[in-house]
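This report describes selected local features of one protein model, as computed from its atoms. The structure is shown below.

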Amino acid sequence: MSRASIAVVIPTRNRADMAIAAIEHLRAQDCGDLKLFVSDNSSIEEEVARLADFCRSLDDPRLTYMRTPGNLHQGAHWDWAISQALERSDATHATIHYDRKILRPGQAAAWIAVAGQFPDKVFTYVTDAVSADPPPLRLWQAPWTGKLYRLETAHIAAVSASGEAAALGSMLPVLSNCLVPRAAVESIVERFGDLCDSTTADSCFAYRFCALHDDYLHLDRSLTVLYGSHRSAAVGYLSGGGGDFADYRETWRGESWLDAGIIPGLNLGYNMLFHEYELVRREVGGRLPPLDRAGCLRDLGRGLFWIRDPEAREEVRKLLVEHGWKDEEAPPALAQKASLPRRAYRRVRQHARLLLGRILGVAPPVNGFQFRSDEEALVYAVKYPSAPSPSAAHLALARPREVDADLP
């Protein structure tokens, strides 16, 4: 087993409080092999000052504060930040850690264990989510077995091309859900000129990686919790506005937008992922199969669920039909907020179940429970993680093969 060290890159933009929370959770890990790099791309000077002052006040040699050279779009920002982190450290691996994500207590040891035993392999892991979309605010916990699996990139690419990438969940090797060996970063940069400088850094990396490498690992364990959906650019993209999506588009400026998507320029479903997949496929040829138009249109149809405005949703539906989508199974609109009496009933039922769990000494089920705030949901997510599943049925689409490993 080799010694691993991880450059944890926290890219942030006008979210000083969230970045500070991420830093504090990472610094609390009982692990000396994390090197933290905060990359600040903020446009609001008060946010810059608050975060920079906080980082300096810690006087922690594990923590480096970096200010981006200008107002970068996400892909350019992540690309620059990872390059700087690897240049400024001897880290064996790098990972992107959202500012609105926390690492569960003690779980850095799992990162280090897998990276040390399989130093040349990219590996993904499971993330739970606190989200208000669809409303109300809930904690969603993914099933997990606790085991390590090997996945083949050719199959993952084929599933993506069929329009079913969403069903892969945490198994899709997006950059914010991976630990990436230094050599893998270098291989992508050498072939493509940069790591992830495109419309969406996550899926750009995913398909560049799949085009160059045969396999990767998936640690089927919930290690992190994502929250702050009200600031999510992705939620704004899916729902037709809100979150930080307007700012995301603004930083992209006048450059072409999703022109390689199944329907060029359309903000819907996984069209952004299809765009990145197609860009890579055009460059590498037969290494990635062509996108299946019917399957991808089915995915875009499922994306109608997320659009909040009924009129906007109907306009997009018509556009899909014009492009050949069959709407026999059109999804319902985004759920509306429950009535006050019903919300009160749910809260009483929830807390009764929690109290009964404590009395019986059993961790209560919290998946899908309502919470009043992100903070409250995060407390429960950490205190009551879901139990491991005896079945790996949730992994079936990826065709995993179990790998022997010594995991903490």
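Asn 177 is in contact with Phe 123, Thr 124, Tyr 125, Thr 127, Ser 170 and Leu 172, apart from its neighbours within four places in sequence; contact denotes heavy atoms within 4.5 Å. The model is predicted: local features need pLDDT of at least 70, side-chain atom pairs count only at pLDDT 80 or more, and totals for chains, interfaces and linings use all residues. Residues are numbered from 1 along each chain as its sequence is written, and side-chain values use heavy atoms, with hydrogens and water left out.

Asn 177 belongs to the loop between helix H5 (153-161) and strand S9. Helices (H or I, at least four residues) and strands (E, at least two) are DSSP runs, numbered from the N terminus. With a relative accessible area of 7%, Asn 177 is buried; the term buried means under 20% relative accessible area, exposed means over 50%, and partly exposed lies in between (1.4 Å probe, protein chains only). The side chain of Asn 177 also makes a polar contact with the side chain of Thr 127, at 3.4 Å. A polar contact is a pair of N or O atoms within 3.5 Å; within protein, one must be able to donate a hydrogen and the other to accept it, and residues adjacent in sequence count only if both atoms are side-chain atoms.

Helix H5 contains Ala 161, which counts as buried at 4% relative accessibility. Leaving aside neighbours within four places in sequence, Ala 161 is in contact with Tyr 277, Pro 289, Pro 290, Leu 291, Asp 292 and Cys 296. The C-alpha atoms of Ala 161 and Ser 176 are 21 Å apart, with a separation of 15 residues along the chain.

**Strand pairing**

Which strand is largely enclosed by the rest of the structure? It is strand S10 (residues 215-226), because twelve of its twelve residues are buried. Two strands pair if DSSP finds at least two bridges between them.

| Strands | Sense | Bridges | A bridge pair |
|---|---|---|---|
| S5 (residues 101-103) and S10 | antiparallel | three | Leu 103 and Thr 224 |
| S8 (residues 148-152) and S10 | antiparallel | five | Arg 150 and Leu 217 |
| S9 (residues 178-181) and S4 | antiparallel | two | Pro 181 and His 93 |

In a regular strand the side chains alternate between the two faces of the sheet. In S4, His 93 and Thr 95 point one way, Ala 94 and Ile 96 point the other way, and all are buried.

**Aromatic rings**

A search of the whole structure finds 13 aromatic pairs. Rings of Phe, Tyr and Trp (its six-membered ring) pair if their centres lie within 6.5 Å; planes under 30 degrees apart count as stacked, over 60 as edge-to-face and the rest as tilted. Phe 205 and Phe 209 form a stacked pair, at 6.0 Å centre to centre with 10° between the planes. These two residues are separated by about one helical turn because they are four residues apart in helix H7 (residues 201-212). Both Phe 205 and Phe 209 are buried.

Phe 245 and Tyr 248 form another stacked pair, with 6.2 Å centre to centre and 25° between the planes. Being three residues apart in helix H9 (residues 245-252), Phe 245 and Tyr 248 are separated by about one helical turn, and both are buried. They belong to one aromatic cluster that consists of Tyr 237, Phe 245, Tyr 248, Trp 252 and Trp 257.

Trp 257 also has Arg 249 over its face, at 3.9 Å from the ring centre. Elsewhere, Arg 191 lies over the face of Phe 192, at 5.1 Å from the ring centre. A charge sits over a ring if NZ of Lys or CZ of Arg is within 6 Å of the ring centre and within 35 degrees of the ring normal.

**Cysteines**

The structure holds zero disulfides, a disulfide being a pair of cysteine sulfur atoms within 2.5 Å. Cys 196 is in no disulfide, and the nearest cysteine sulfur, that of Cys 204, is 6.2 Å away. Cys 196 is buried, with a relative accessible area of 0%.

Cys 296 is buried, with a relative accessible area of 0%, and it is one of the residues in contact with Ala 161.
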